[in-house]
Amino acid sequence: MKKDIPVYDISSISELRNEDILISRLAPFAESHKNLHNPHRHKFYHVVLFTEGEGRHSVDFQSFDITPYQIYFMVPGQVHSWSFNGPVDGYVINFSVPFFQSFLLRSNMLEDFTFFSGMVNDAVIQIPDPFRSKISALFEDILKEATCNQPFSSDMVRVLLLNIFILVSRLNVHPNETINSSYNYTLLKNFQKLIEKNYSALRLPKEYAGLLYITPNHLNALCNDLLGISAGELIRNRIFLEAKRLLTNLDLNITEISERLNFTDSSYFSKSFKKHTGFSPEEFRKRTLEKITGEASDLHQVRREIH
């Protein structure tokens, strides 16, 4: 039996059938949506703040230990799953891509926040002690607004969400990133946006350098200085992340995946994938499915022990 990773929109997991926003405490959400413990994708932005509990959370095949006051920011298309060691609580907010677009003069403002870049290491943040009560209070206010049925409640939710985003972005979690407003940082963000739009068609740093009106050497130096990796590696990371995501869809064979990613043939794709990840596409697919089955079995075992 096939076990493709499912893709959810907000209405499919919201009892209110609201297509743009879902707001909930984490404990009842996790309990009522146990299918979301297994790997899946979203078509929406997904924000989770853990305030209690522990376990593991996997985002785009990177695994993190869950701790209290850890916040996750996820963008549409990412693959994630979680497994909990006992009860957890916190808050979960899902909102659609256009949720802010009609509200903000700059419809792409969310792209200004590093944690919404799709780079997993930038999207998992531990909230420092002095800010925990303030951020928790903002989430509580959002919950109240979502249920009060008052005029402009949706707009107030947007305002409070932006308050959270701005506050978290000011935490300076990475002290070395003091150049957020600099020309080089803006250039890097533009490069990453171009990769996101063109990774299956444009493979060479010089192609992106041309679109950015800089030299390939400048682009490579920029990536090495700010990220510690070359421009070419940044491009390849995005290509093979998409390959991993596509491999979770069992309806696609290796040839179809290689064609989607614009490889010349499946053999070259397989060799490149193994060079980048250490596994052949078939091995990665098997290991991922085994992990899905194993996590599900572990979860069922824990539930049996509890009951």
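This report walks through a predicted model of one protein chain, from its overall make-up to single residues.

## The model and its numbering

Residues are numbered from 1 along each chain as its sequence is written. In this predicted model, local features need pLDDT of at least 70, side-chain atom pairs count only at pLDDT 80 or more, totals for chains, interfaces and linings use all residues, and side-chain values use heavy atoms, with hydrogens and water left out.

## The chain as a whole

The protein chain has 10 helices and 10 strands. Both are DSSP runs numbered from the N terminus: helices are H or I with at least four residues, strands are E with at least two. Of the 307 residues, 46% count as buried. Buried means under 20% relative accessible area, exposed means over 50%, and partly exposed lies in between, with a 1.4 Å probe and protein chains only.

The accessible surface comes to about 16100 Å². Carbon and sulfur atoms hold 51% of that surface. Areas come from the Shrake-Rupley method with a 1.4 Å probe; for residues, only the protein chains shown count as cover. Among contacts with a separation of 6 or more, 70% join residues 24 or more positions apart.

## The five-stranded sheet

Five strands form an open sheet with mixed pairing, in the order β1-β3-β8-β5-β6. The edge strands are β1 (7–8) and β6 (62–66), and each pairs on one side only. Two strands pair if DSSP finds at least two bridges between them. Strands of a sheet pair through backbone hydrogen bonds, either parallel or antiparallel.

Take β5, residues 55–59. Four of its five residues are buried, so this strand is mostly covered. β5 pairs with β8 (residues 79–84) in the antiparallel sense over five bridges. Here H57 stands opposite W82 in β8. Five bridges also join β5 to β6, again antiparallel. In that pairing R56 stands opposite D65 in β6. The hairpin of β5 and β6 has two residues between the strands, and D60 takes a positive phi near 50° there.

## Another strand pair

Strand β2 (residues 21–25) is also mostly covered, with four of its five residues buried. Five bridges join β2 to strand β9 (residues 89–95), and the two run antiparallel. L22 stands opposite N94 in β9.

## The largest pocket

About 1400 Å³ of space lies in the largest pocket. Of the 47 residues that line this pocket, S117, G118, M119, Q192 and E196 are the closest to its centre. On a 1 Å grid over the protein atoms alone, a pocket is an open set of points with protein on both sides within 12 Å along at least five of seven lines; lining residues have an atom within 4 Å of a point. Grid points are joined across faces, edges and corners, and a volume is the space filled by probe spheres set on the points.

Which helices supply at least two residues each of the lining? They include α4 (183–198), α6 (216–227) and α7 (231–247). The largest share, eight residues, comes from α4. By type, the lining divides into 21 nonpolar, 14 polar and 12 charged residues. Ala, Val, Leu, Ile, Met, Phe, Trp, Tyr, Cys and Pro count as nonpolar, Asp, Glu, Lys and Arg as charged, and the others, Gly among them, as polar.

S136 lies in helix α2 (residues 129–148). At 10% relative accessibility, S136 counts as buried. Beyond its neighbours within four places in sequence, S136 is in contact with L49, T51, Y69 and Y91.

T248 is found in the loop between α7 and α8 (254–260). T248 is buried too, with a relative accessible area of 6%. T248 and H40 are 208 residues apart in sequence, but 9.5 Å apart in space, C-alpha to C-alpha.

## Positive phi in loops

Most residues other than glycine have a negative phi. F152 is not a glycine, yet has a positive phi of about 65°. F152 is found in the loop between α2 and α3 (153–169). Is F152 buried or exposed? Its relative accessible area is 67%, so F152 is exposed.

N262 also has a positive phi, near 65°, in a residue other than glycine. N262 lies in the loop between α8 and α9 (266–277). At 48% relative accessibility, N262 counts as partly exposed.

Note on methods. 1 Å grid on protein atoms, 1.4 Å probe; cavity = no way out; pocket = protein on both sides within 12 Å on 5 of 7 lines; lining within 4 Å. Contact = heavy atoms within 4.5 Å.
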